[in-house]
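Student: I have a model open and would like to go through it. Can we start with the overall picture and then look at single residues?

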Amino acid sequence: MAIAIPVKALPLSFVVHALAVAGAVLVLVWNIYFRGGLAWESTNKSLIFNAASDGLKVCNGPNGSRIVNLMSHFFPPPKQLHPVLMLIGLIIIGGEAIISYKALPFRKEEKKIIHLVLHAIALILGIIGVYAAFKYHNESSIANLYSLHSWLGIGVISLYGIQWLYGFVVFFFPGGTAAIRRESLPWHVLFGIFVYILAVATATLGYLEKLTFLENSGLAKYGSEAFLVNFTAIVTILYGTFVLLTALSQGPVEDDYSYSAI
């Protein structure tokens, strides 16, 4: 379907890349500096329950010396992996996959491979991120799937997987007929945009939910961490907005190797 805003895709894609870097840095600073780090396992279940580690731990060594316990700083609970994997994986890498057809000056088949692989990476990281949330809840005796964020999250990752599998079968291997591909493309694009908007909205709800829990547990409402989480949510929304603008903008000059404007 030929819907394109009268703006070149390339300059918009630069904004997307800049926001991607900003979002990745913010979520990593939040979870490594403020929340204690990233890890898959933690023997201290109270740390998993609290989802935090207050910096470096100092303990007494065998000779009375004081030893810095780096493990508690760099290897906290799996919950910390959830926001990192969902933002960098599903939102950022997924967004880069969406704009690949408009932002890259390559041939159609090359852009198709890039589009497919980036979405596969985003989906895999998203699945691991969802599993990390379940793992944290189960090990901390917290109920699963009780919030709107969790419900939408399961819906998003399921729809994302269906979208990727359909695209793989119809457009890559074994590939549908020319008529099927032609009829499917507008719906594939439209459904993909819908799932991506839903993913950004779900991520925003996740920031709100996590920050609310932290503030109810004593985090300062006007503290640096609260501001950081809010700014990360804003950058996420801006990133999603510019991804959609790029997807709807004018791509490189079309030739025999390019798709028509979305």
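Tutor: What follows goes from the fold to the salt bridges, then to one histidine and a surface patch.

Student: What kind of model is this?

Tutor: It is a predicted model.

Student: OK. How many helices and strands come out of the secondary structure?

Tutor: There are eight helices and two strands. Read from the N terminus, the order is α-α-β-β-α-α-α-α-α-α.

Student: And what share of the residues is buried?

Tutor: Of the 262 residues in the protein, 45% are buried. The protein exposes about 13,700 Å², and carbon and sulfur atoms supply 72% of that area.

Student: What about contacts along the chain, what share join residues at least 24 apart?

Tutor: It is 77%, taken among contacts between residues at least 6 apart in sequence.

Student: Salt bridges next. How many?

Tutor: The count is three. One of them pairs Arg35 with Glu225, with 2.7 Å between the closest N and O atoms. That pair links distant parts of the chain, 190 residues apart. Arg35 sits in the loop between helix H1 (9-34) and helix H2 (45-50), while Glu225 belongs to helix H8 (residues 224-247).

Student: Are those two buried or exposed?

Tutor: Arg35 is buried, at a relative accessible area of 8%. Glu225 is buried as well, at 5%.

Student: Why does Arg35 count as buried?

Tutor: Because its relative accessible area is 8%, and the cut-off for buried is under 20%.

Student: Which residue does Lys112 bridge to?

Tutor: Lys112 forms a salt bridge with Glu109, and the closest N and O atoms are 3.7 Å apart. Both residues lie in helix H5, three residues apart, which is about one turn of the helix. Lys112 is buried, with 12% relative accessibility, whereas Glu109 is partly exposed at 44%.

Student: And Glu139, what does its side chain meet?

Tutor: The side chain of Glu139 meets that of Lys135 in a salt bridge, 2.8 Å from N to O. These two are also in helix H5, four residues apart, again about one turn. Glu139 is partly exposed, at 22% relative accessible area. Lys135 counts as buried, at 10%.

Student: Switching topic. Where is His82?

Tutor: His82 lies in helix H4 (residues 81-103). Its relative accessibility is 14%, so it counts as buried.

Student: What does the His82 side chain reach?

Tutor: It reaches the backbone oxygen of Gly129, at 2.7 Å.

Student: Which residues does His82 touch, leaving out those up to four places away in sequence?

Tutor: His82 touches Gly129, Val130, Ala132, Ala133 and His149.

Student: Last topic, the surface. Which residues form the nonpolar patch?

Tutor: Ile113, Val117, Ile121, Phe172 and Phe173 form it, with about 430 Å² of accessible area together.

Student: Which helix supplies the largest share?

Tutor: Helix H5 (residues 108-139), with three residues of the patch. Val117 is found in helix H5.

Student: How accessible is Val117?

Tutor: Val117 has a relative accessible area of 41%, so it is partly exposed.

Note on methods: Residues are numbered from 1 along each chain as its sequence is written. This is a predicted model: local features need pLDDT of at least 70, side-chain atom pairs count only at pLDDT 80 or more; totals for chains, interfaces and linings use all residues. Side-chain values use heavy atoms; hydrogens and water are left out. Patches are made of residues with over 30% relative accessible area and no salt bridge: like charges are joined within 9 Å, nonpolar side chains (Val, Leu, Ile, Met, Phe, Trp, Tyr) within 5 Å. Accessible areas come from the Shrake-Rupley method with a 1.4 Å probe; for residues, only the protein chains shown count as cover. A salt bridge is a side-chain nitrogen of Lys or Arg within 4 Å of a carboxyl oxygen of Asp or Glu. Buried means under 20% relative accessible area, exposed over 50%, partly exposed in between (1.4 Å probe, protein chains only). A polar contact is a pair of N or O atoms within 3.5 Å; within protein, one must be able to donate a hydrogen and the other to accept it, and residues adjacent in sequence count only if both atoms are side-chain atoms. Contact means heavy atoms within 4.5 Å.
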